[in-house]
Amino acid sequence: MKKFVNRVKTLGTRFCRWFTQFVTRHPDSKADTNQQLTGKATVVYYGNVTLQSIKTTVYYLLGVLGIAVVFGLGLFGGYFVSIIDATPIPTETAMKATLSNTSRTSSMYFAHNVKLSDVKSDLYSTKVNLNEMSPWLTKAIIATEDEDFYRHNGIVPKAVIRAFFSDLTGMGSQTGGSTLTQQVVKMMFLNSETTFKRKAAEIMLARRLNNHFSKNTILATYLNVATLGRNNKGQNIAGVEAAAQGLFGVSAKEVNLPEAAFIAGLPQSPFVYTPYTADGKLKTSLKAGINRQQTVLFRMYRAGVISHRQYVAAKSFDLKGAFLQPEKADQDDDEYGYVYNMVLSEAKSLLAEKLAKSDGHSAAELAKDSALNNDYLRQAGDLFASKNYRIKSTIDKDVYDRMQFVMRATRDTFGQTYTSSQINPKTGETETVKYPVQNGSVVLDNQTGAVLGFVGGVTGELNHIYTLRSPGSTIKPLLVYAPAIDQKIIGSQTALADFKTNLGNNYSVTDYGGQIQNRFIPATEALAQSYNIPAVNLYKHIKPSVNVKAYMEKMGINTLTDNDYSQLGLALGGTDYGVDVKEQASAFSTFANQGEHVPAYVISEIVDPSGHAVYRHQVKKTKVFSKGTNYIMNQMLKNVVASGTAESLNYQLRFNTDNLIGKTGTSNDFRDIWFIGSTPGITIASWMGYDNSNGTNYTLTENSSMTNEAYWAKLANAVYHTIPKKFKADKKLSRPSTVKSVTVDKQTGQPAASLSFNGHTYRTGGSTVTSLYNDWEPTAKAEFAIGGSKDNYQLFYDYLDGKSNGYGQVSDANGRSTEAKKEHQETPITTETPSSAAASSSRTPSVTVPSSQQNQQGTSENQPSEPQTTGTGGNNGTTGGGTGTEAATTSSAPTTGGTTTTPQTPSTNTGTGH
């Protein structure tokens, strides 16, 4: 290029020098020595010089222009070739598969290639063979759209140029800008963007299509996929069969000449020429469509495919009388509505990210720019609605069906269904609205993160595995205990203080039922019984030195705010916005996956119309905890099921629970109830609560945790019956060499020793237990616990010395003695650790259902009552701050509790409950 520019400059310089010399030269001295130019001769002379100069200049300019044109064509050709080289070339088999599927919409699949649904695009079509179409249709289309169809090789140069400028200017022509072959390529293989790159790919694919397939195959494909406006139900239609049925009530083979001409005229501007509006009514004026039909008839006559007599007769045909009368569209079956919406939404996000990346935008840019993100989501939606993509999901249909059956069979036990009357803003009529207890449940494959099944809700369209709610105590092992063990701060039996607290800013907390244990509690017991005071004391201890946020983000929890992390109440589930069921289950599955986190996912693969996988999920593991930490946490979390807050599961489950780990969770006033459980192979999470999205303030009852556990057990049994091998229920976690076992005093959680406190010496070690540590061993010290005050220690040592001083006596926040209660338990229990679960022989049967069981509609409801009017409301169940767990209480100012709030206005986080 540089040489070319220099050459042009040199030629220009030479020309200027020559021109100057030519104009200023003197007459030939020999010929004109004695002659002087005067008058007319002078004018003629200089006129000739000027004309010669202009002529020469023009020649030079034409030469330069010619060189530039050649150079430009070279660049153009090179760019065109580079585009062709970069365009993936579909195989003949892939192209054949694409052409054979003329639905013009994408397909979605359950796992194992079980068909879920076609993407709903409001584009209805019915495929028919070419011999099932009236000859008038084929003749009309060819005469109108591509009269040289049977003679060209897929493209026509003049048509390509016309189409290119038509696309750039947006001004179409009645004959169409491309050949029928190009239009098939555009509709079946490419997106709808108008770029030179797409046009180049279109030309290349059109040639390939023409070389590998017959003209009749290409024509039949076009007639089956061309967009042809609306039918008499207001539905968008594609293909001549859908048009014939939807406009005239006959098959494509039965349409007459004037009807065929009308259909053939639609592709140019289908929604301008269509006779129906979006609601299926006939347009007031049909002039545009009828005029277009007349044009088609004239072209057929001009091409010689109809006689003058046929032309005149067709022009006088009463089209308006032939159109069908309006009808109402059929309602879609929403049996798998939750799955449909979930899979399509996830797929749109993935494809949008791919489209943005191809345009040079990163995922971070999309996250920051909502307008940009929405634009690519729209593009992705348009592609799925108009192209033959295949979207493959991880959802196991049998697992999903069984989960829906269990939900419908037990939902009337979830709790009160409230009702209220409200005015429908569209109809103005008074309607009765029901507010049932909602549920969001999910089943994950621990090793891959695949979502195998879920329950999106009891009623409605909102998928509750995505709504943000307070995690309650399910956050304790993730946020508090595991990081503390990983950082060598505690072992499994380290003592944690459970005494009356004042944690600053008038913030105090109690255990379930407003109780205080008044003793030092081993970490394993504190977690198993979900005591709140030990969890808050431990979080307060580790927060200044441990980056707990990094741990949570490694486990995929990204909805917690900096304000959340700064508040002690986060240890009890107090958040500004909350977490969703899918991500919380995914985070918990880290403990069942050797301390590595694998993100949950729904889409396994997206295949484009050419058969290329534009997206294929890759399993990515992130190390969160050491193997030693993970082993210790598994031993601790087993106690939740064996003797803790979820011990009722033991007699309800129909598989080996020796390796089952879990955690319960409850937020303020029983607004949110959780249980998450993991076997070595799968994780199942269940959340219950009310949406409270319209200003209501409904809460669950004290026994709702038991209800949720019973429901979780039924879900787990049903899923186990379907995919027993996935559970890996008998797989035992091997113990890493880094896990140290130390015999410690049961009350102090450290090796037996003689300890000096306030000038007195005390001997510990009367009753011992084995404590596990992550590659370290503790030493004995007088102030042995986390969170204890001088007064707490004095109370302990006096008790150790034999004094009866109330140490270990359960009390309320005011110091009055009471009997210990577990979360969700109504009868008092002793402070001793409960006995192990009942034998398997006492297990009760769970719900089983044949794999072919269809979803059932349940109608039973509890007696409705007047809805409450208190509460701040919220947005789709989004959780405000201040949620607690397993019943924390506070002596601080009134809090927002677990009320819901929109993300734009986060509430004050107190981390308290009751």
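Among contacts in the protein between residues at least 6 apart in sequence, what percentage join residues at least 24 apart? The value is 74%, with contact meaning heavy atoms within 4.5 Å.

This is a predicted model, in which local features need pLDDT of at least 70 and side-chain atom pairs count only at pLDDT 80 or more, while totals for chains, interfaces and linings use all residues. Residues are numbered from 1 along each chain as its sequence is written, and side-chain values use heavy atoms, with hydrogens and water left out.

The protein has 28 helices and 25 strands; these are DSSP runs numbered from the N terminus, helices being H or I of at least four residues and strands E of at least two. Of its 914 residues, 52% are buried. Buried means under 20% relative accessible area, exposed over 50%, and partly exposed in between, for a 1.4 Å probe and protein chains only.

Helix α17 covers residues 370–386. Its 17 residues should span 24 Å at 1.5 Å a residue, and the end C-alpha atoms are 24 Å apart, which agrees; the expected span is 1.5 Å times one less than the number of residues. Leu372, Tyr376, Ala380, Gly381, Leu383, Phe384, Ala385 and Ser386 are the buried residues of α17. Their cover includes helices α6, α15 and α16 and strands β6 and β15.

Helices α19 (residues 476–486) and α21 (residues 532–542) have axes that come within 10 Å and cross at roughly 60°. Axes are lines fitted to C-alpha atoms, for helices over the stretch in contact, and angles run from 0 to 180 degrees between N-to-C directions. The two helices are therefore oblique to each other; angles under 35 degrees count as roughly parallel, over 145 as roughly antiparallel, 65 to 115 as roughly perpendicular and the rest as oblique. In α19, the residues that meet α21 include Leu479, Val480 and Tyr481; on the α21 side, Leu538, Tyr539 and Ile542 are among them.

Leu137, in helix α4 (residues 135–145), counts as buried at 0% relative accessibility. Beyond its neighbours within four places in sequence, Leu137 contacts Val240, Ala252, Val255, Ala260 and Ile263. The C-alpha atoms of Leu137 and Asn256 are separated by 8.8 Å, although the two are 119 residues apart along the chain.

Most residues other than glycine have a negative phi.
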